Amino acid sequence: MEPSTIIDLADASLWKLSRATESNEITEASTEEVPAASFPTSVFSDLLNSGKIADPFVGDGGCEARLAWIGNSDWIYTARFDAADPDIHHKNPRNALLHFDGIDTCATILLNGKPVGETNSMFVPFSEVVDTQLIKKKGNVLKVVIRGATRVAKELEMVHSTRKVWNGDASRVYLRKAQYHWGWDWGPALVDSGISGRRAFLEFFDSRIESVEWDVHVAKDLSCADLMVKTHVMGDPELWADASVVISIRDPDGSVLLVKSLRLQQDLVLSTWSTLSTTHRIHVPQLWYPRGYGAQPLYSISAALLHSSSPLPLSKIAPQKFGIRLAKLIENPLPNTTDKTSFYFEINNVPVLAAGSNWIPADSFLSRATDAVYERWLNILAAGNQNMIRVWGGGLYEPDILYETCDKLGILVWQDFMFACGAYPAHADFVSNVEREARVQVARLKRFASVIFFAGNNEDYSFAESEDVGYDPHSQDEKQWAASRFPARLIYERVLPRVLEECWPAGVAYKPGSPWSKDGRSSFDTGTGDIHQWNVWHGSQEPYQKYGKLAGRFVSEFGMQAYPAIETVETFFQRETPLAEMHPLSNVVDQHNKATGFSKRIAGYLFENLRFGTSLQEFVYATQLMQAEALSTAYRLWRREWGEDGNRRVGGTLVWQLNDCWPCVSWSIVDYFFRPKASYFAIKRLLAPITVGLERVVAEDDNIFVQAWAINTTTTMHELNLIVTSFEYTSGHIVHETETKVVLRPNQSFELGRFPVSDTHHAQALVVGAILFDAEENLVASTSDWPQPLRHLPVSIPDRVVRADFEGLVEGKATFTLSALRPTKGVWLSAVMNGRMQDSAIVSMSDNMIDLMPGVEVTVVISGWQDAMQLKSDWYK
């Protein structure tokens with residue numbers, strides 16, 4: 001027996017793209033080919049890179065209609081290659097496997113003119129054994145013929161029925177493909193296609209390891225963990241008499257824990273398969289924790305297929321990392337209520353206050369989302385003190401790099417199944433396709449310690465409650481479900497739970513949808529489950545100051561729009577656009593905001609809260625300050641409800657959204673080019689391990705008080721001093737000050753008391769600050785509370801006198817200390833060199849959009865600083 005030989009097909013230089021002709025012969029293509037720009041491939045990216053289309057991200061937005069032909073057309077990717085080993089035929093391998101991690105979406109694959117298989121799901125790998133006699137020593141031609149997704153979806157719609165959706169064309173629900181390609185309220189309708197998976201290869205083998213999967217069962221007392229490993233081998237069973245698989249496990253330090261040899265045995269059902277199982281108990285395991293709660297040690301597992309006739313392994317699985325942890329979703333009745341239950345996660349028996357962001361696909365054209373892009377995004381999230389990301393259900397099951405990086409960084413993953421905002425079908429072929437998808441993805445994702453929760457869909461139940469689709473939440477009659485216009489309940493409430501139970505024996509928390517409430521309650525119910533709180537911006541469009549009254553048990557979506565950095569807004573326009581035309585109310589800017597009614601809502605929230613200018617720069621600042629104020633209000637007030645053991649009233653907060661898939665105006669807190677908005681920094685401050693909060697209360701006699709609280713998410717107790725000080729906004733004079741000692745117990749939120757703002761009724765606008773400091777007078781946490789709305793602050797005031805003292809430059813990182821004589825709102829810092837503002841994605845701040853209070857210094861570290869730079873500051877006026 002010979003070791004397997006692999007021809008790597010994940011090489012962009014091998015591939016060419018052509019548009020299929022209108023001929024019925026699927027192998028026929030137009031004569032012109034363009035090179036693939038990258039691998040994975042994207043039709044849009046390859047056409048754009050070859051100059052065949054204009055950049056759809058630039059200009060007035062008419063490109064979506066002009067480029068719709070791309071999604072309607074059939075495309076052919078062609079690879080030409082030679083056999084990697086010219087003697088391969090003399091070695092006479094018994095099998096050849098053609099594999100693609102993913103193809104988007106409906107495709108026929110031909111090898112040297114012969115069809116070898118088809119795909120109809122973006123979410124299921126293509127893997128087929130092919131006749132070795134098809135492969136030539138030289139001049140092999142591999143074609144992936146992809147049918148136009150928009151046309152195929154419309155054809156399926158005609159066969160079945162027209163359904164209802166929020167966002168995009170309703171026919172999208174019939175294809176197992178990234179739904180956002182049809183457009184969303186934050187992204188353009190650009191229906192792409194291509195070879196979407198990261199790996200593609202042709203492997204010659206006698207026998208090979210197909211996969212290694214494992215489940216980790218952790219004892220409730222955490223004393224040990226049972227690692228159950230299954231290795232799947234495919235090939236010729238006649239050769240297995242002298243074959244074995246060697247499993248190797250190493251601990252996080254690299255020491256060998258286990259080397260075990262398993263003899264191959266023929267599967268009684270699948271004659272060309274063998275499944276080998278073994279269990280190993282790890283005593284006193286090194287446990288994986290989310291960031292902020294502990295370390296992220298990672299074990300590794302590898303496998304090799306050996307045969308007595310070969311000095312080399314026939315097949316190998318490279319070391320794969322995994323963490324050991326015990327994850328639970330806790331839903332217990334809350335005290336002093338009859339209709340509320342908690343919704344939070346415990347990791348290794350430690351309650352975790354989840355805080356993070358929703359994740360949408362990293363690009364409209366997924367070939368651009370390289371490993372480096374994923375790593376950069378997740379490091380931005382981690383640097384913002386966030387510990388959870390929700391992979392939203394209208395995109396894709398992300399590639400391994402996202403989950404691997406989350407494992408490394410300690411970021412918990414909430415994973416939606418790929419359904420969003422619609423009434424999906426449930427005919428037999430569709431359900432079968434979905435079940436196959438779910439089995440593949442669950443088997444893959446269970447490898448990652450970071451993945452702790454699955455939701456069946458995004459907002460499909462909210463959609464069903466809002467639209468006339470015959471949804472009865474109390475019915476458990478599957479015939480009634482099938483007769484309604486919401487039959488996909490069969491998928492969410494039967495198929496997916498069964499798949500999880502069978503494919504993830506160790507168990508993982510699941511709910512049929514997000515948002516979801518128990519006992520047939522509305523998905524908008526705040527008493528149980530998770531909630532998407534859109535009554536700020538959408539819905540009743542409440543003032544964001546009311547976020548505290550809009551809490552749910554776990555808020556998995558909420559948001560406020562803001563413009564991106566001015567450098568990003570400038571990319572909306574053609575290069576020759578006159579500066580006078582680059583204003584916030586231009587048609588080009590409008591076309592880069594896909595939300596319904598956005599202009600009315602942005603203007604409404606701005607006019608309610610701020611004074612603002614109308615130049616592009618002023619508008620960017622105002623919308624970013626508004627978004628920062630809104631989101632920080634939500635995080636501050638909802639985290640206050642973390643409570644203590646037995647009374648966890650709010651278990652997590654996930655903002656919509658971390659990122660963008662194109663340059664645009666949206667709810668993101670970091671724009672497409674990795675430039676953080678002001679809200680990113682506001683959230684980062686609120687997610688520090690120890691924080692202090694204030695809420696203003698006006699008594700019946702018009703005296704003003706503040707209610708103070710603190711949150712300690714560390715695992716240790718802290719004895720601190722609290723000072724609450726009120727200042728006149730205009731002069732900066734101290735009006736009232738109170739100092740007291742406080743004790744913060746581990747992993748709890750605490751009400752610290754009510755503090756007067758002034759001894760008497762005070763006519764001046766008062767700003768209240770609070771600081772926590774330790775016995776050595778080190779500042780631990782600070783906050784400030786401002787009169788609302790901010791537009792009512794006095795206009796004619798003395799200069800704020802903001803100081804930025806340079807403390808030194810070490811390895812390209814400059815440290816500045818900020819201070820102000822008077823309360824100063826929203827200090828925004830920019831690096832300037834030779835009169836030009838520097839890119840905030842390159843010259844990055846550790847903090848920004850800062851509220852300064854007299855007597856409290858703020859340290860800011862700036863990466864990428866150069867000696868010739870100057871620090872510019874602006875603030876709310």
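## Before you start

This is a predicted model, so to speak of local features a pLDDT of at least 70 is needed, side-chain atom pairs count only at pLDDT 80 or more, and totals for chains, interfaces and linings use all residues. Residues are numbered from 1 along each chain as its sequence is written, and side-chain values use heavy atoms, with hydrogens and water left out.

## The nonpolar cores

Let's start inside. A nonpolar core is a set of buried Ala, Val, Leu, Ile, Met, Phe, Trp, Tyr and Cys residues joined through side-chain atoms within 4.5 Å. Here "buried" means under 20% relative accessible area, "exposed" means over 50%, and "partly exposed" is in between (1.4 Å probe, protein chains only). In soluble globular proteins, nonpolar side chains tend to be buried together.

The largest core has 203 residues, and Trp15 and Phe100 touch the most other members. Helix α15 (residues 616-639) gives the most to this core, with 13 residues. Helices (H or I, at least four residues) and strands (E, at least two) are DSSP runs, numbered from the N terminus. Another core, of 59 residues, lies apart from the largest one, and its members include Leu239, Trp288, Ile324 and Met388.

So who does Phe100 meet? Leaving aside neighbours within four places in sequence, Phe100 is in contact (heavy atoms within 4.5 Å) with Trp15, Ile109, Pro125, Phe126, Leu142, Val144, Ile195, Arg199 and Ala200.

Two peptide bonds are worth a look. The one from Asp104 to Thr105 is cis, with omega near 0°, and Thr105 sits in the loop between β5 (95-100) and β6 (106-111). The bond from Ser514 to Pro515 is also cis, with omega near 0°; Pro515 is in the loop between β27 (509-511) and β28 (531-532).

Next come two asparagines. Asn348, in the loop between β21 (344-347) and β22 (350-352), has a phi near 55°, a positive value in a residue other than glycine. Asn834 has a phi near 55° too, and belongs to the loop between β40 (824-833) and β41 (836-837). Are they buried or exposed? Asn348 is buried, with a relative accessible area of 2%, whereas Asn834 is exposed, at 73%.

## A tucked-in serine

Ser726 is part of strand β33 (residues 718-728) and is buried, with a relative accessible area of 1%. A polar atom of its side chain lies 2.4 Å from the backbone oxygen of Val757. Not counting residues up to four places away in sequence, Ser726 touches His733, Ile734, Val735, His736, Val757, Val767 and Val768.

Notes
A polar contact is a pair of N or O atoms within 3.5 Å; within protein, one must be able to donate a hydrogen and the other to accept it, and residues adjacent in sequence count only if both atoms are side-chain atoms.
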